[in-house]
Amino acid sequence: MIEIKNLKFKYNQDQTSYTLNDVSFHVKHGEWLSIVGHNGSGKSTTARLIGGLLVADSGQIIVDGQELTEETVWDIRDKIGMVFQNPDNQFVGATVEDDVAFGLENKGLPYKEMVSRVQEALSFVGMMDFKDREPARLSGGQKQCVAIAGIIAMRPSILILDEATSMLDPEGRQELIQSIEDIRQQYGMTVLSITHDLDEVAMSNRVLVLKQGKVESISSPRELFSRGSELVDLGLDIPFSALLTQKLKNQGLIDCEGYLTEKELIEQLWEYLSKM
């Protein structure tokens, strides 16, 4: 669905090094790819280049078989929905319902279809009861749900999340991540998320690590989490289950190799207790 070939970019020609230096990767149709790395590693820059908000110095960006150029940028933007860290920057409507309808009005959709899409999108993210509220009076999690509803209503092929969960509390973050997974399954959207959040990474199919503007690795979440203390050097925390697993192994309570999810760790503990 997305193919990046030898992408290079820097914000001004006086920079001694590229923000992105010969970056190549792909995202399959319907896949969830997370991009992680330290601040300044090029994550958000990558998202903005794919969305046509920045122009690469060299390399190719191909979206759904179409190369991103000055002539095709509007066609490609029509296939992409982007949700940023601060949803306040995306609101334009006086009410939640108006805001979700805004993009559909610009596309000139018939009124009945527009109403149907708005209701469907708000129901999907659990915000139908707030349709007459002012967006500014919502919580952070509710605002992000409205921003995502606006994307759902437009029916893009690709959803790009740029640190979209970073301002939320743990409960709101978990609810939003689950909503994104439900959206991906329901509509067959391809998801590209820029994140530091381990729960968000865990939900993805693959994880791309950027380090100093280059691709450091591409792996499954399990393979990434198995790297243990290396994760700190990559700008991530070590998962709680990985820390607990190591402590239990050190005490001889479990015997396993590699990363265990919380569910797998519980199963290992039950197995140990059943033998006592």
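The following legends describe close-up views of side-chain contacts in a predicted model. Local features need pLDDT of at least 70 and side-chain atom pairs count only at pLDDT 80 or more, whereas totals for chains, interfaces and linings use all residues. Residues are numbered from 1 along each chain as its sequence is written, and side-chain values use heavy atoms, with hydrogens and water left out.

**View A. Salt bridge between Arg184 and Glu181 in helix H6.** A salt bridge requires a side-chain nitrogen of Lys or Arg within 4 Å of a carboxyl oxygen of Asp or Glu; the search of the whole structure finds twelve. In this one, the N to O distance is 3.0 Å. Both residues belong to helix H6 (residues 170–187) and stand three residues apart, about one turn of the helix. Helices are DSSP runs of H or I with at least four residues, numbered from the N terminus. Arg184 and Glu181 are both buried (buried is under 20% relative accessible area, exposed over 50%, partly exposed in between; 1.4 Å probe, protein chains only).

**View B. Salt-bridge network of Glu216, Arg227 and Glu230.** Between Arg227 and Glu230, the closest N and O atoms are 3.0 Å apart. Arg227 is partly exposed, at 23% relative accessible area, and Glu230 is likewise partly exposed, at 39%.

**View C. Aromatic pair of Phe9 and Tyr11.** The structure holds two aromatic pairs. In the pair shown here, the ring centres of Phe9 and Tyr11 lie 4.7 Å apart with planes at 85°, so the arrangement is edge-to-face. Rings of Phe, Tyr and Trp (its six-membered ring) pair if their centres lie within 6.5 Å; planes under 30 degrees apart count as stacked, over 60 as edge-to-face and the rest as tilted. Phe9 is buried, with a relative accessible area of 5%, whereas Tyr11 is partly exposed at 47%.

**View D. Aromatic pair of Phe124 and Tyr187.** This pair is tilted, with 5.6 Å from centre to centre and 55° between the planes. Phe124 is partly exposed at 26% relative accessible area, and Tyr187 is partly exposed at 25%.

**View E. Charged side chains over aromatic rings.** The charged end of Lys10 sits over the ring of Tyr18, 4.8 Å from the ring centre. Arg77 lies over the face of Trp74, at 4.7 Å from the ring centre. The criterion is NZ of Lys or CZ of Arg within 6 Å of the ring centre and within 35 degrees of the ring normal.

Definitions and conventions:
Helix = DSSP H or I, 4+ residues; strand = E, 2+ residues; numbered from the N terminus.
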